[in-house]
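Good morning, colleagues. Please look at the screen.

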Amino acid sequence: MDDLTGLRTPYYLYDLDLLKKTVSEAAAGAARYGYSIHYAIKANNDPVVSAVIRDMGLGADCVSGNEVRRSLEYGFAPEGIVFAGVGKTDDEIKLALAEDIFCMNVESVEELEVIQEIADLYGMRARVALRVNPSVEAETHQYITTGLNENKFGISLPHLRKALDICAGSGHVDFMGLHFHIGSQITSLEPYRRLCERVNIIWKEFGIETYGGRMVNLGGGLGIDYNDPEQNPVPDFSSFFAVFKETLDLPSGTELRFELGRSLVGQCGRIVTKVLYTKQGAGRKFVITDAGMTELMRPSLYQATHRIKNISSSGDPELYDVVGPVCESTDVFGKDILLPATSRGDLIQILSCGAYAQSMSLDFNLRDKPPARYSAGKKILSAAGLKGLKSIGSLMS
Ligand SMILES: *Cc1c(COP(=O)(O)O)cnc(C)c1O
């Protein structure tokens with residue numbers, strides 16, 4: 001990858017070929033059963049990455065008013081936008097109504113009452129799905145489960161009847177169906193099978209159809225292989241969708257939607273960073289890179305691990321702690337990482353940084369926010385090359 005040297009580091013590097021391959025496999029897997037996908041734009045809101053996904057016909061899944069605005073700016077159609085979040089402000093609710101997005105995923109009885117009041121005030125009808133907390137263990141890191149009773153997300157089952165009755169009694173709410181999202185980086189399909197079984201029971205017990213329910217949004221959360229991204233660059237979407245086809249037992253004609261973030265973009269991105277120093281500590285050797293937790297928060301936020309490669313050296317392997325320059329002890333990308341003998345100036349790549357890396361970046365320590373670059377496979381695209389891409393030209397004028 002010699003053509004990478006000479007560029008100022010650090011930067012995010014997105015392989016648009018892999019992105020397109022991943023999104024098209026996901027879209028084909030969903031289309032087989034007539035399911036649709038909304039891209040969870042919080043995973044990566046880069047304009048080029050988002051435009052590629054928009055062009056492949058996906059909708060958008062937003063968790064803030066600004067994400068709704070940004071998705072519209074990127075050209076996602078309002079009728080393909082869903083909006084979740086436990087703390088929607090009045091202004092965000094008004095925006096969703098004014099822009100006539102497809103659906104708000106409502107997370108509490110209290111929020112439903114506010115949505116109803118605002119819709120009433122404006123003489124509108126708000127399309128809503130009720131986000132249900134199904135109490136399903138997602139078998140992932142405890143900080144990224146969302147569907148357990150202890151989590152803040154969704155309406156708990158004891159309150160679902162009340163929410164349904166509010167919808168039924170309101171002239172200002174159009175009840176579409178149910179929404180679920182049980183967590184992120186879920187690598188076993190078992191939690192999804194259990195989710196489907198819960199959905200079947202909830203649908204029947206609560207008589208969702210009698211309330212006009214005609215849609216289930218099953219959220220996202222499908223994981224990627226952080227250990228061996230080069231061997232497994234594309235998640236197994238067909239097995240994922242097959243679980244729902246096999247396990248859900250809903251009236252025919254019920255529309256199924258998914259909100260995928262990480263699984264679509266996680267593997268197409270990497271961080272390219274330079275070694276500033278290799279420092280001999282007491283009993284350990286540190287590789288200090290010019291990227292830090294400000295560019296990739298996942299290791300310090302939830303003990304995530306990423307594959308780290310030295311692409312400049314072919315020396316004998318040694319063990320290093322790879323750390324960033326930020327003034328926090330958790331600013332560590334990996335401990336006891338085997339790398340070829342590493343020295344100042346070597347280029348390091350941190351893999352699987354397409355999701356929840358750039359979109360979570362901070363300017364803590366007043367650090368610069370690094371740019372994104374793009375490649376087609378291994379070939380870096382120039383600005384002119386990018387402008388020539390059909391989907392992207394309009395965003396880069
Ligand atoms: C974050 C989020 C998603 C996407 O999660 P991934 O793990 O990136 O697939 C989907 N739906 C909702 C409501 C979310 O908050």
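Which pocket does the space taken by the ligand form? The space taken by the ligand is the largest pocket. A pocket here is an open set of points on a 1 Å grid over the protein atoms alone, with protein on both sides within 12 Å along at least five of seven lines.

This is a predicted model, in which local features need pLDDT of at least 70 and side-chain atom pairs count only at pLDDT 80 or more, while totals for chains, interfaces and linings use all residues. Residues are numbered from 1 along each chain as its sequence is written, and side-chain values use heavy atoms, with hydrogens and water left out.

Around the ligand there are 16 residues (a heavy atom within 4 Å), and K42, S184, E259, R262 and Y356 come nearest. The shell divides into five nonpolar, six polar and five charged residues.

Consider the polar contacts, pairs of N or O atoms within 3.5 Å. A polar side-chain atom of K42 lies 2.7 Å from a ligand oxygen. For E259, a polar side-chain atom is 2.6 Å from a ligand nitrogen. Y356 places a polar side-chain atom 2.5 Å from an oxygen of the ligand. Of the 390 Å² that the ligand exposes when taken alone, the protein buries 95% (Shrake-Rupley method, 1.4 Å probe).

I turn to the cysteines. The whole structure contains zero disulfides (cysteine sulfur pairs within 2.5 Å). For C196, the closest cysteine sulfur is that of C103, at 19 Å, too far for a bond. C196 is buried (under 20% relative accessible area), at 0%, whereas C327 is exposed (over 50%), at 63%.

How values were computed: A polar contact is a pair of N or O atoms within 3.5 Å; within protein, one must be able to donate a hydrogen and the other to accept it, and residues adjacent in sequence count only if both atoms are side-chain atoms. On a 1 Å grid over the protein atoms alone, a cavity is a set of points where a 1.4 Å probe fits but cannot get out, and a pocket is an open set with protein on both sides within 12 Å along at least five of seven lines; lining residues have an atom within 4 Å of a point. A molecule sits in a cavity or pocket if more than half of its atoms lie within 2 Å of its grid points. Ala, Val, Leu, Ile, Met, Phe, Trp, Tyr, Cys and Pro count as nonpolar, Asp, Glu, Lys and Arg as charged, and the others, Gly among them, as polar. Buried means under 20% relative accessible area, exposed over 50%, partly exposed in between (1.4 Å probe, protein chains only).
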